Amino acid sequence: MAKLKAGEKKKNLIIDVCKKLFYRKGYANTTYDDICKKADIPPGSITYHFRGKRDIAAVIDAEYEAQNKIYIEKMCGKAYDKTTLMAIENFHMWKRNFEDDNLRRFLLDISTERLPSFSALDTVKYYYQCVIDDQGIEGIDDRELNLLVPAQLGMSDALLLATANDPDEYTWEDAAEFGIRFFLRQLGMHDDKIKGIIQEGKTIFDTLPIDNRYYIDFAYDDKYVKKIG
């Protein structure tokens, strides 16, 4: 394994410290002074490696977006096709978002001011490509896909805000099902087929040994992944 240079180590230290602070204290409530004290670094170290706190949050959020898929794929392996996995991942993501107040606060904080990072865009594009390949969907070229991806990210932020503003009106199931429908409709899939995918995904999700400790402090610890089968 190649050794990290001093600058890379410092950058990773800042990210690791911010993961804990943003999760426990919240993105909006975390100050530059908090980061410097926790990491034991001068203020200039942050601005040397990042344009600001928002850039650090973008890195953390992009990794979190990817880990939603990674966690379910680690658990399920090749037991289900990619479209079914997408539905399971959505149920998992929204249930956790509703139940984990620390995570929900972080996502709400950054949704009010963020522009999607290239990493987040690449992750969601990969989700779309998985389903396109799995379903043999034709007619969506890379140019169109590059428009679908930010639309999906924007919808997710809007859905998060809408459900937070009226928490008694919507459940995590409502949010997940809407997200799946939106995703698949953009690919031209018929609502009857979408309904079947949602039902199958929810049925499977309810049987999975989900352990949300995997996500605490954005640590992603594999000891909390229990493989099925």
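Is F218 buried or exposed, and what is its relative accessible area? I began with this residue and found F218 buried, with a relative accessible area of 1%. I note at the outset that the model is a predicted one.

**Entry 1. F218**

I located F218 in the segment after helix 10, a helix that covers 191-205. I then looked up its backbone angle: F218 has a positive phi of about 55°, although it is not a glycine.

**Entry 2. The overall chain**

I counted the secondary structure elements next. The chain has 10 helices and 0 strands. Read along the sequence, the pattern is α-α-α-α-α-α-α-α-α-α.

I asked what radius of gyration the chain has. The value is 18 Å, and it agrees with the radius near 17 Å that a compact globule of 229 residues would have. I took the extents along the principal axes as well: the C-alpha atoms fill a box of roughly 55 × 40 × 35 Å.

Of the 229 residues, 45% count as buried. I noted an accessible surface of about 12300 Å² for the chain, with 51% of that surface belonging to carbon and sulfur atoms. For charge, I looked up 34 positive and 39 negative charges, whose mean positions are 7 Å apart.

Among contacts between residues at least 6 apart in sequence, 75% join residues at least 24 apart.

**Entry 3. The nonpolar core**

Which residues have the most contacts inside the largest nonpolar core? I found F106 and L184 in that position, in a core of 67 residues. Helix 4, residues 53-76, supplies the largest share of this core, with 9 residues. I set down the general background here: in soluble globular proteins, nonpolar side chains tend to be buried together.

**Entry 4. L107**

I moved to L107, which is placed in helix 6, residues 101-111. L107 counts as buried because its relative accessibility is 8%, under the 20% cut-off. Not counting residues up to four places away in sequence, L107 touches D61, Y64, N97 and L160. I checked one of these pairs by distance: L107 and D61 are 46 residues apart in sequence, and their C-alpha atoms are 8.0 Å apart in space.

**Entry 5. T123**

I found T123 in helix 7, residues 118-135. T123 is buried, with a relative accessible area of 14%. Beyond its neighbours within four places in sequence, T123 is in contact with A62, E65 and A66.

Which residues of helix 2 are buried? In this helix, residues 32-39, I recorded D34, I35, C36 and A39 as buried.

Just after helix 2, D40 takes a positive phi of about 55°, and D40 is not a glycine. I placed D40 in the loop between helix 2 and helix 3, the latter covering 43-49. D40 counts as exposed because its relative accessibility is 71%, over the 50% cut-off.

L13 touches A39 and I41, not counting residues up to four places away in sequence. L13 and A39 are 26 residues apart in sequence and 6.9 Å apart in space, C-alpha to C-alpha. L13 itself is partly exposed, with a relative accessible area of 31%.

**Entry 6. F205**

F205 is buried, with a relative accessible area of 6%. Leaving aside neighbours within four places in sequence, I recorded contacts of F205 with I88, F91, H92, K95, W172 and I210. I also looked up the separation of F205 from C130: the two are 75 residues apart along the chain, and their C-alpha atoms are separated by 19 Å.

Conventions
Residues are numbered from 1 along each chain as its sequence is written. This is a predicted model: local features need pLDDT of at least 70, side-chain atom pairs count only at pLDDT 80 or more; totals for chains, interfaces and linings use all residues. Side-chain values use heavy atoms; hydrogens and water are left out. A nonpolar core is a set of buried Ala, Val, Leu, Ile, Met, Phe, Trp, Tyr and Cys residues joined through side-chain atoms within 4.5 Å. Buried means under 20% relative accessible area, exposed over 50%, partly exposed in between (1.4 Å probe, protein chains only). Helices (H or I, at least four residues) and strands (E, at least two) are DSSP runs, numbered from the N terminus. The radius of gyration is taken over C-alpha atoms; the globule rule is 2.2 Å times the number of residues to the power 0.38. Contact means heavy atoms within 4.5 Å. Accessible areas come from the Shrake-Rupley method with a 1.4 Å probe; for residues, only the protein chains shown count as cover. Lys and Arg count as positive and Asp and Glu as negative; His and the chain ends are not counted. The place of a charge is taken as NZ of Lys, CZ of Arg, CG of Asp or CD of Glu.
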